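Please look through the sequence and the model shown here before reading on.

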Amino acid sequence: MSQPGSCTVVVGCQWGDEGKGKIVDVLAENVDIVARYQGGANAGHTVHVGDAEFVLHQIPSGILHEGRRCLLGNGVVLDIHQFFEEYDALVARGIDIDGRVGVSSRAQLLMPYHRFLDKAVENSAEVKIGTTGRGIGPAYEDKAGRRGVRVADLGNTKRLHERIDAAKARVVQRLDELGWGSEDLDRAMDEALALGDRLLALSTEVGPEISASLRAGKSVLLEGAQGTALDLDHGTYPFVTSSNTTAGAAATGTGIGPTQVTDVIGVVKAYTTRVGEGPLPSAFEPEMDDHVRTLGGEFGATTGRPRRCGWFDSVLTRLASQVNGLTGVAVTKLDVLDTLHELQIATAYRLPDGSVTEHFPADTWALGKVEPVYETMPGWQAPTTEVRKLEDLPPRARAYLDRIEELTNASVRWVSVGTKRSQIIPVA
Ligand code: IMP
Ligand code: MG
């Protein structure tokens, strides 16, 4: 029997947008399969190849490497229309993806009515989440409520329509109650269902495919979407997404066992960002916020919304290290900090009652009121974008990385210093 291959989970350690797309693209060089295990078209993974920019929402970021097999696991909610739009756009841009994309027969179908409901609920909600409007919450609600339809159901038209009609009727009634129209819904449904056979042709048994590949000595990458603080259980509930984004979900969401995972790489941005509602304890003051947003190009890849920015928060990354069982860290966008003369790192939170904690509080409203305890480090004020070896980084940049490593409790394995594939520093 050959040595089993490696199975690496790549997971976000903040509020998403850590640069997972870039890290997955770099790591995909050495793997055979890349699979998504949760989320849907709410994700926006930006990858630069040469001068071209690709933003992927549902198809794994490994697709830009020739020959890699890319799978969507059972934990994903799949928007058929959006999926084929992305698929066809890749083909139009010259990416050969024939035979390379597989979709779990157990993946949930995200239907147009989920999108309609997401927008209507968000619009009328007292506590707004700031969702991406992609229908993610309603699709996972239908999954847990056992009203969902799955890829396999596309094989039985009669049953498919019965289930969809029932789920849709429920949504239409709810839209009505919310005073939200459902015009165009039927047309959107027809468009989506017309693609059913095309999707069915891509369906596969993802768990067995990954397991067999691992047994044959092939390597697999499981690509997380969003980040730890957006996890349904461990994030800033209710300001979270509706799936488990953390590493434990990688096994459940693809159909393999947790013991098959060999590595968990956490992606952390050298500072912090958040898009959508909910607390961001280490948020910058307004002027600095604008400055770093411009330096880092911090605008949502899915919705175009400006991201709020803040200092590196090690209370959060410590939680991420623990929840995900990180075996290594990739630090991204270090170069964005190149011109700052001083940097701060949040190491603890002071609660409204004056007590200090190093733990991320479960009470999200209390989290909204904490004062971070900061430690200050000098900036390096030198360009890092051309650096390719750790020893060539300015000493103050290395000190910053050492501190991140220490506080996060996981070793830094890669440092990204720009959007290009080549702008990466592997750490031995
Ligand atoms: P939903 O996943 O669209 O329901 O949105 C729930 C929350 O997660 C909102 O605050 C979104 O802005 C945030 N969110 C969802 N997907 C992403 C992502 O890929 N990057 C960053 N934030 C996200
Ligand atoms: Mg993103």
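## The shell around ligand 1

By class, the shell around ligand 1 holds six nonpolar, eight polar and two charged residues, where Ala, Val, Leu, Ile, Met, Phe, Trp, Tyr, Cys and Pro count as nonpolar, Asp, Glu, Lys and Arg as charged, and the others, Gly among them, as polar. In this predicted model, local features need pLDDT of at least 70 and side-chain atom pairs count only at pLDDT 80 or more, whereas totals for chains, interfaces and linings use all residues. Residues are numbered from 1 along each chain as its sequence is written, chains are lettered from A and ligands numbered from 1 in the order in which they are written, and side-chain values use heavy atoms, with hydrogens and water left out.

## Polar contacts of ligand 1

An oxygen atom of ligand 1 lies 2.6 Å from a polar side-chain atom of Thr241, and an oxygen atom of ligand 1 is 3.0 Å from a backbone N or O atom of Val275; a polar contact here is a pair of N or O atoms within 3.5 Å. A nitrogen atom of ligand 1 is 3.3 Å from an N or O atom in the side chain of Asp17.

## The magnesium ion

Asp17 (OD) and Gly44 (O) coordinate the magnesium ion, ligand 2, at 2.1 to 2.5 Å, with donors taken as N, O and S atoms within 2.8 Å of the metal (3.2 Å for Na, K and Ca); water is not among the atoms, so sites may look incomplete. Asp17 counts as partly exposed at 22% relative accessibility, whereas Gly44 counts as buried at 15% (buried means under 20% relative accessible area, exposed over 50%, partly exposed in between, with a 1.4 Å probe and protein chains only).

Terms used
Polar contact = N/O pair within 3.5 Å; in protein donor to acceptor, adjacent residues only side chain to side chain.
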